[in-house]
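Subject: Structure for you to look through

Dear colleague,

I am handing over the structure we spoke about, and below it I have written out what was found. Please keep the model open beside this message while you read.

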Amino acid sequence: MSIPKAFISYSHDSQEHKKWVLDLATRLRNNGVDAILDQWDLKPGGDLPHFMELGLTTADRILMICTDKYVEKANLGAGGVGYEKMIITADLLKTIDSQKVIPLIRQNGSHDVPAFLRSKLFLDFSRPDQFEFSFDELIRTLHDAPLYEKPAIANNPFTPVSETPPNRTGDGVLIVMKLVVAQFESQAVDYINYSKLIARAPMSRIMFDLYVNDAKSEGLITQDNDKDLRLTNKGKHYAIQHKLLK
């Protein structure tokens with residue numbers, strides 16, 4: 001798995017703020033993120049525009065640490081923050097992942113971000129007591145390791161009517177099959193005596209003959225020249241599906 005690279009963009013508001021940013025970058029590196037920070041990577045005499053351009057264009061993610069002063073400089077296009085904003089909002093941004101920029105809210109009392117980032121979802125680092133929660137979400141985002149994985153789509157729970165075994169409760173074929181299965185299960189031979197079935201049928205001989213023909217048409221049973229019946233494999237599956245076995 002490749003190491004994610006994150007460029008940290010911020011304004012030098014105060015020594016305290018610079019220390020906060022340094023500590024954040026250190027924790028990022030201690031959690032498997034290649035954090036790019038001017039306090040490490042830009043030395044006196046270094047080329048500031050080149051550092052910014054290289055960092056912004058090669059990073060997988062850009063972390064914009066938003067304070068009131070940072071937002072003001074970005075909106076006015078002032079200083080290094082303004083230069084970084086110019087690079088990010090240039091044509092280059094059209095060719096990179098729209099989620100590349102992650103605003104981190106640092107100021108207290110407001111959630112302002114630069115105007116060109118107002119459509120972006122931010123992470124709130126303004127409250128010290130919520131820092132760990134926000135940091136965990138940031139790390140997961142950078143490593144593409146969400147806390148909750150989107151579940152796969154399961155199969156349609158509804159079966160088309162055409163694929164559903166017909167419900168033959170109260171049906172003549174069902175009555176015939178109950179008699180056939182009961183006789184089949186009570187003997188050792190495969191053939192089923194037709195005369196015995198007629199004697200047990202709760203209907204007239206004519207109706208019974210018609211329902212036997214229906215069962216034969218559906219391939220549930222066969223009938224030989226002596227009129228004895230045999231249960232087909234399809235008929236056995238039918239018996240299981242319709243719970244005819246005791």
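A residue is called buried when its relative accessible area is under 20%, exposed when that area is over 50%, and partly exposed in between, with a 1.4 Å probe and protein chains only. Please bear in mind that this is a predicted model, in which local features need pLDDT of at least 70 and side-chain atom pairs count only at pLDDT 80 or more, while totals for chains, interfaces and linings use all residues. Residues are numbered from 1 along each chain as its sequence is written, and side-chain values use heavy atoms, with hydrogens and water left out.

Let me begin with the salt bridges, where a side-chain nitrogen of Lys or Arg lies within 4 Å of a carboxyl oxygen of Asp or Glu. Searching the whole structure gives 6 of them, and I describe some here. In one, Arg127 is joined to Asp129, with their closest N and O atoms 2.7 Å apart; Arg127 has a relative accessible area of 44% and is therefore partly exposed.

Another salt bridge brings together the side chains of Lys19 and Asp23, at 2.9 Å from N to O. Helices here are DSSP runs of H or I with at least four residues, numbered from the N terminus. Lys19 and Asp23 stand 4 residues apart in helix α1, so about one helical turn separates them. Lys19 is partly exposed because its relative accessibility is 45%, and Asp23 is partly exposed because its value is 37%.

Which parts of the chain does the salt bridge between Glu132 and Arg27 tie together? The two side chains meet at 2.9 Å, N to O, and since Glu132 belongs to helix α6 and Arg27 to helix α1, the pair ties together parts that are 105 residues apart in sequence. Both residues count as partly exposed, Glu132 because its relative accessible area is 47% and Arg27 because its relative accessibility is 29%.

Arg27 also lies over the face of Phe135, at 4.2 Å from the ring centre; for this, CZ of Arg or NZ of Lys must be within 6 Å of the ring centre and within 35 degrees of the ring normal.

That brings me to the aromatic rings. Rings of Phe, Tyr and Trp (its six-membered ring) pair if their centres lie within 6.5 Å, and the planes count as stacked when under 30 degrees apart, edge-to-face when over 60, and tilted for the rest. The whole structure holds 6 aromatic pairs. In one of them, Trp20 and Phe131 are edge-to-face, 6.1 Å from centre to centre and with 90 degrees between the planes. This pair links distant parts of the chain, as Trp20 is in helix α1 (residues 15–30) and Phe131 is in helix α6 (residues 131–142), 111 residues apart. Trp20 is buried because its relative accessibility is 16%, and Phe131 is buried because its relative accessible area is 15%.

Phe131 also pairs with Phe135: their ring centres are 5.9 Å apart and their planes are at 10 degrees, so this pair is stacked. Phe131 and Phe135 are 4 residues apart in helix α6, and so about one helical turn lies between them. Both Phe131 and Phe135 are buried. Taken together, ring pairs link Trp20, Phe125, Phe131 and Phe135 into a cluster.

Notes: Helices (H or I, at least four residues) and strands (E, at least two) are DSSP runs, numbered from the N terminus.
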